[in-house]
Amino acid sequence: MADHPGIEVVCRDRAPYFAEGARIGAPTAVQVADRFHLWRNLGEAAERCVSRHCPCLRAPSAESAPEKAPAPEPAESGSPWPTGHRFADRTRAKHATIHALLAAGHSRRSIQRQLGMTYRTVQRLADAARPEDLFQGQWQNRRSKLDDFKPYLHGRWAEGCTNAWTLWEEIKTHGYTGGYGAVRAHLQPFRTSPTAPAARPPSPRTVTGWILTHPDTLPESERLKLKSVLAGCPELDALAGHVRAFGKMLTQLQGEQLPQWIKAARADDLPSRHTFVNGLERDLAAVTAGLTLPWNSGIVEGHVNRIKMIKRQMYGRAGFSLLRKRVLLA
């Protein structure tokens with residue numbers, strides 16, 4: 001920039017080192033904060049704010065399906081070994097198989113050969129009238145690693161998360177050291193329950209996308225879902241109002257209204273929004289220029305995004321020559 005003293009406008013990202021470089025290289029130029037990055041920063045702050053109010057996102061799902069109740073606990077069988085305990089379930093399955101073969105007329109020796117068990121094991125299972133008679137010794141009334149995490153699993157199931165692998169990954173982050181099989185076996189009776197789990201609430205990113213989309217272009221189904229979310233959470237309702245007001249300033253180049261917007265945003269208890277506002281105030285002149293002047297880097301950002309997409313498509317598939325040709329011809 002110092003080699004080109006005629007520069008009048010510098011459109012830049014909001015990073016401090018960009019501002020410093022523009023100030024040193026072109027001290028007389030007007031610095032303009034790019035609107036693409038302003039909107040992107042606003043979206044990131046909005047998503048952090050929505051994430052802080054995740055409990056508010058569950059309310060619409062519960063209200064839209066009042067007839068649905070949380071999945072019931074598996075019925076107690078009176079056994080000291082609960083359903084879902086791997087040793088108990090294995091013994092019950094073996095007991096049922098052996099007694100079915102006995103009822104079909106097979107001898108114990110024949111069952112031994114078919115199932116690959118020792119004769120003593122077959123005899124012990126065949127002599128037991130019910131599998132609970134075999135639940136004795138060191139495993140009786142023994143706690144499993146999963147016991148402390150069952151309330152969490154039941155709660156997540158009621159919220160609509162029914163993927164056993166996902167739930168296993170979640171409880172591992174809370175300290176569970178057991179295997180995936182125990183979680184799957186514990187949840188299996190829930191899948192055969194006549195009561196369906198509640199619908200999964202929208203994710204913070206999804207709700208943020210609804211808030212950042214212009215109301216006139218939002219599909220009717222998503223508009224109604226967003227309306228339900230905002231009705232149950234005054235903080236998110238205030239957030240949506242601030243986002244739309246900022247979007248109006250940005251699209252209609254009404255930068256003179258920025259001080260009033262900052263004052264209104266600070267009046268609400270939205271810490272994530274306050275962080276965004278603090279950044280605006282540190283770069284107030286450039287942000288005001290970005291919301292007032294017609295200059296922006298939208299076209300450049302579009303080309304950068306296109307080049308990044310091509311680079312990721314070609315990663316590991318071709319060398320630099322082909323990548324360069326694709327970029328030039330795209």
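**Close-up views**

View 1. Helix H4 (86–103) and helix H6 (119–127) each bring at least two residues to the positive patch. (Helices are DSSP runs of H or I with at least four residues, and strands are E runs of at least two, numbered from the N terminus.) This is a predicted model: local features need pLDDT of at least 70, side-chain atom pairs count only at pLDDT 80 or more, and totals for chains, interfaces and linings use all residues. Residues are numbered from 1 along each chain as its sequence is written, and side-chain values use heavy atoms, with hydrogens and water left out. The patch itself is a surface gathering of Arg90, Lys94, Arg120 and Arg124. Patch members have over 30% relative accessible area and no salt bridge, with like charges joined within 9 Å and nonpolar side chains (Val, Leu, Ile, Met, Phe, Trp, Tyr) within 5 Å. Lys and Arg count as positive and Asp and Glu as negative, leaving out His and the chain ends; each charge is placed at NZ of Lys, CZ of Arg, CG of Asp or CD of Glu. Look for Arg120 in helix H6: its relative accessibility is 71%, so it counts as exposed. (Exposed means over 50% relative accessible area, buried under 20%, and partly exposed in between, using a 1.4 Å probe and protein chains only.)

**View 2. A nonpolar patch around Trp295.** Val9, Val30 and Trp295 make up this surface patch, and together they have about 260 Å² of accessible area. (Areas come from the Shrake-Rupley method with a 1.4 Å probe; for residues, only the protein chains shown count as cover.) Trp295 sits in the loop between H15 and helix H16 (298–314).

**View 3. Inside the largest nonpolar core.** Here 35 residues belong to the core, and Leu239, Phe246, Leu258 and Trp261 have the most contacts inside it. Among the elements giving two or more residues are helix H2 (35–52), helix H3 (54–64), helix H12 (234–252) and helix H13 (258–267). H12 gives the most, with seven residues. (A nonpolar core is a set of buried Ala, Val, Leu, Ile, Met, Phe, Trp, Tyr and Cys residues joined through side-chain atoms within 4.5 Å.)

View 4. The whole structure has eleven of them. (A salt bridge puts a side-chain nitrogen of Lys or Arg within 4 Å of a carboxyl oxygen of Asp or Glu.) Asp127 pairs with Arg108, with the closest N and O atoms 3.0 Å apart. Within helix H11, Arg223 bridges to Glu220, with the closest N and O atoms 2.4 Å apart; about one helical turn separates the two, because they are three residues apart. Both are partly exposed: Arg223 at 32% relative accessibility and Glu220 at 46%. Elsewhere, Arg156, Glu159 and Glu170 join up in a salt-bridge network.

**View 5. A positive phi at Leu253.** Leu253 isn't a glycine, yet its phi is positive, at about 50 degrees. Most residues other than glycine have a negative phi. Leu253 lies in the loop between H12 and H13, and it counts as partly exposed because its relative accessibility is 29%.
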